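Keep it brief, and give the cut-offs.

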Amino acid sequence: MYQYDDYDRALVHERVAQFRDQVQRRLSGALSEEEFLPLRLQNGLYLQKHAYMLRVAIPYGTLSATQLRTLAGIARDFDRGYGHFTTRQNIQFNWIELERVADILQRLADVDMHAIQTSGNCVRNITTEAFAGVAADELLDPRPLAEILRQWSTINPEFLFLPRKFKIALCAAEQDRAALRMHDIGLYLYRDPAGELRLRVLVGGGLGRTPILGLQIREDLPWQHLLSYVEAVLRVYNRHGRRDNKYKARIKILVKALGIEAFAAEVEAEWAQIKEGPAELTEDEYRRVASSFAAPPYERLDAFDLDYGRWRERDARFAHWASRNLHPHKVPGYASVVLSTKPGASAPPGDVTASQMEQVAEWAERFGFGEIRIAHEQNLVLPDVRQRDLHDLWLRAEAAGLATPNVGLLNDIIACPGGDYCSLANAKSIPVAQAIQQRFDDLDHLHDIGELSLNISGCMNACGHHHIGNIGILGVDKNGSEWYQVTLGGAQGVQAALGKVIGPSFEADEIPAVIERVVETFLLHRQGGERFVETFARIGLEPFKARVYERAEVRP
């Protein structure tokens with residue numbers, strides 16, 4: 001993973017000192033809340049329902065064991081003993097006292113971490129997939145360019161006050177596990193026939209109040225022009241994006257208003273003026289950053305470890321887990337392990353205790369190379385585990401409550417904190433997620449259902465990415481009461497799709513039965529080994545709608 005240099009450390013430590021002074025002025029009354037608001041947001045600090053929430057950046061979802069232990073210490077010493085991992089590969093602490101924020105930021109700075117630009121109308125955390133650098137289907141490692149983007153966009157004065165927040169994702173695998181089309185800019189990395197690194201550029205994606213899939217504006221962009229081309233996109237957005245209405249301020253609205261051809265022409269014209277300038281990347285700079293992502297000292301192993309195979313034959317529960325929670329590794333004899341944060345109704349999706357974080361840090365060192373990844377599905381990943389160590393790791397993860405064999409299944413639910421914490425939420429997310437998990441707690445049945453994603457958002461901001469869940473649930477307000485709208489057919493990846501609203505919304509206690517009827521309809525109509533999205537694409541919305549509402553009262 002990337003190693004900070006003296007410039008990086010000077011920046012984050014100076015930012016801590018700056019914010020400590022700003023907090024003191026707010027506490028003394030020298031700054032009003034209105035004046036303090038943009039300052040705290042630029043440092044990832046939100047004022048939520050019950051307390052301040054601090055969002056800590058985890059660039060492209062990569063942590064060292066030392067950093068994870070620091071997060072565990074913050075959870076224990078400054079919060080209520082846990083942290084919440086988000087769909088943006090960050091971590092949030094929900095019970096923070098303003099007086100202690102600078103001390104938290106100092107602890108983060110001491111291990112090369114920060115909360116800079118995790119909020120505000122600026123370029124947010126740069127993301128990629130959790131298996132970057134190790135996935136068997138990866139064409140090349142996107143992390144060096146993700147890190148270059150992170151350095152370029154951090155406290156870049158030209159783009160600190162955009163019309164609205166701005167999100168960038170990169171992917172370089174055959175399967176798009178970074179949800180590129182849901183981002184303001186999506187960058188797909190590949191090699192051309194001559195072996196040269198190129199980029200495909202997508203713009204105008206986003207969820208929220210107006211969900212839109214990003215569209216391609218550039219193919220075959222040489223990697224050297226990454227920064228200048230992204231800069232051109234941001235300049236066009238900064239110049240033309242609306243600032244009079246925050247609901248129409250995202251770049252997706254601008255792209256839709258102009259049309260993709262006109263927007264692309266604006267970008268190309270802007271880029272023509274700057275592409276040969278100082279933002280052009282050099283081989284030396286790429287190698288400097290890429291050196292931090294050199295492959296660790298892998299052992300030469302057989303492609304299939306015999307002890308691992310024997311454990312799969314002897315222990316059905318271990319085999320069950322291995323079939324769901326392992327991801328193919330590019331190096332023979334290794335696997336990437338997904339540690340599920342979704343044990344069921346006993347814990348909210350994405351919540352990890354301080355003790356669990358410390359154990360994961362220890363496993364990362366014992367069984368890997370001291371690195372942990374955060375998946376946008378809110379799970380944790382150990383990227384480099386030898387097959388012969390998998391059974392030992394599984395036993396430890398099971399004892400710690402992190403070995404539920406449900407990755408990609410119905411109760412691997414993605415959910416935002418919702419109305420329990422967030423001041424923007426219309427409805428609670430966590431109780432609904434737990435009620436569904438309780439209804440679907442038979443793992444054998446879940447495996448029979450197969451791959452099926454379910455996402456929950458407490459409001460239209462869509463932090464739970466409900467639009468791209470095969471089943472999506474959105475909390476809505478009806479005259480002060482919490483109701484839930486259901487969408488079907490959403491998907492992320494190469495075949496990305498936005499879910500369709502099934503019909504009138506439901507009360508919270510109806511949702512588990514609604515999901516059950518959706519699943520029953522799928523199983524009734526499934527042909528062969530079809531996944532939910534394939535059956536839905538074939539039969540459409542109507543059979544699901546008819547089944548869901550045949551015993552449910554239709555709501556106005």
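How many salt bridges does the structure hold? The structure holds 44 salt bridges. A salt bridge here is a side-chain nitrogen of Lys or Arg within 4 Å of a carboxyl oxygen of Asp or Glu.

This is a predicted model: local features need pLDDT of at least 70, side-chain atom pairs count only at pLDDT 80 or more, and totals for chains, interfaces and linings use all residues. Residues are numbered from 1 along each chain as its sequence is written, and side-chain values use heavy atoms, with hydrogens and water left out.

**Charge pairs**

| Pair | N to O distance |
|---|---|
| Arg-25 and Asp-21 | 3.2 Å |
| Glu-129 and Arg-177 | 2.7 Å |
| Arg-242 and Asp-244 | 2.9 Å |

Helices (H or I, at least four residues) and strands (E, at least two) are DSSP runs, numbered from the N terminus.

Arg-25 and Asp-21 sit 4 residues apart in helix H1 (residues 6-28), so about one helical turn separates them. Arg-25 is partly exposed at 34%. Asp-21 is partly exposed at 42%.

Glu-129 and Arg-177 pair up by salt bridge. Glu-129 lies in the loop between helix H4 (101-110) and helix H5 (143-153), and Arg-177 in the loop between strand E6 (168-171) and strand E7 (185-191), so the pair ties together parts that are 48 residues apart in sequence. Glu-129 is buried at 2% relative accessibility. Arg-177 is buried at 17%.

Arg-242 is partly exposed at 35%. Its partner Asp-244 is exposed at 60%.

There is also a network: salt bridges link Glu-158, Glu-231, Arg-235, Arg-239 and Glu-270.

**Nonpolar cores**

A nonpolar core is a set of buried Ala, Val, Leu, Ile, Met, Phe, Trp, Tyr and Cys residues joined through side-chain atoms within 4.5 Å. The largest has 111 residues. Leu-71, Leu-145, Leu-149, Leu-187, Val-233, Trp-363 and Leu-382 touch the most other members. Helix H6 (residues 226-240) supplies the largest share of this core, 9 residues. Apart from it lies another core of 33 residues, including Leu-410, Ile-511, Phe-522 and Phe-532.

Contact means heavy atoms within 4.5 Å. Beyond its neighbours within four places in sequence, Leu-71 contacts Val-56, Ile-58, Leu-63, Ile-91, Phe-93, Leu-108, Met-113 and Met-357.

**Helix H12**

Met-357 and Trp-363 are among the buried residues of H12, as are Val-360 and Phe-367. The expected span of a helix is 1.5 Å times one less than its number of residues. The 14 residues of H12 (residues 354-367) should therefore span 20 Å, and the end C-alpha atoms are 20 Å apart, which agrees.

**A buried histidine**

Where is His-465 placed? His-465 is in the loop between strand E16 (454-457) and strand E17 (471-478). Relative accessibility is 14%, so His-465 counts as buried. Leaving out residues up to four places away in sequence, His-465 touches Thr-87, Leu-207, His-376, Asn-455 and Ser-457.

**Cysteines**

A search of the whole structure finds 0 disulfides, meaning pairs of cysteine sulfur atoms within 2.5 Å. For Cys-122, the nearest cysteine sulfur is that of Cys-463, 15 Å away. Cys-122 is buried at 0%. Cys-463 is partly exposed at 43%.

Technical notes: Buried means under 20% relative accessible area, exposed over 50%, partly exposed in between (1.4 Å probe, protein chains only).
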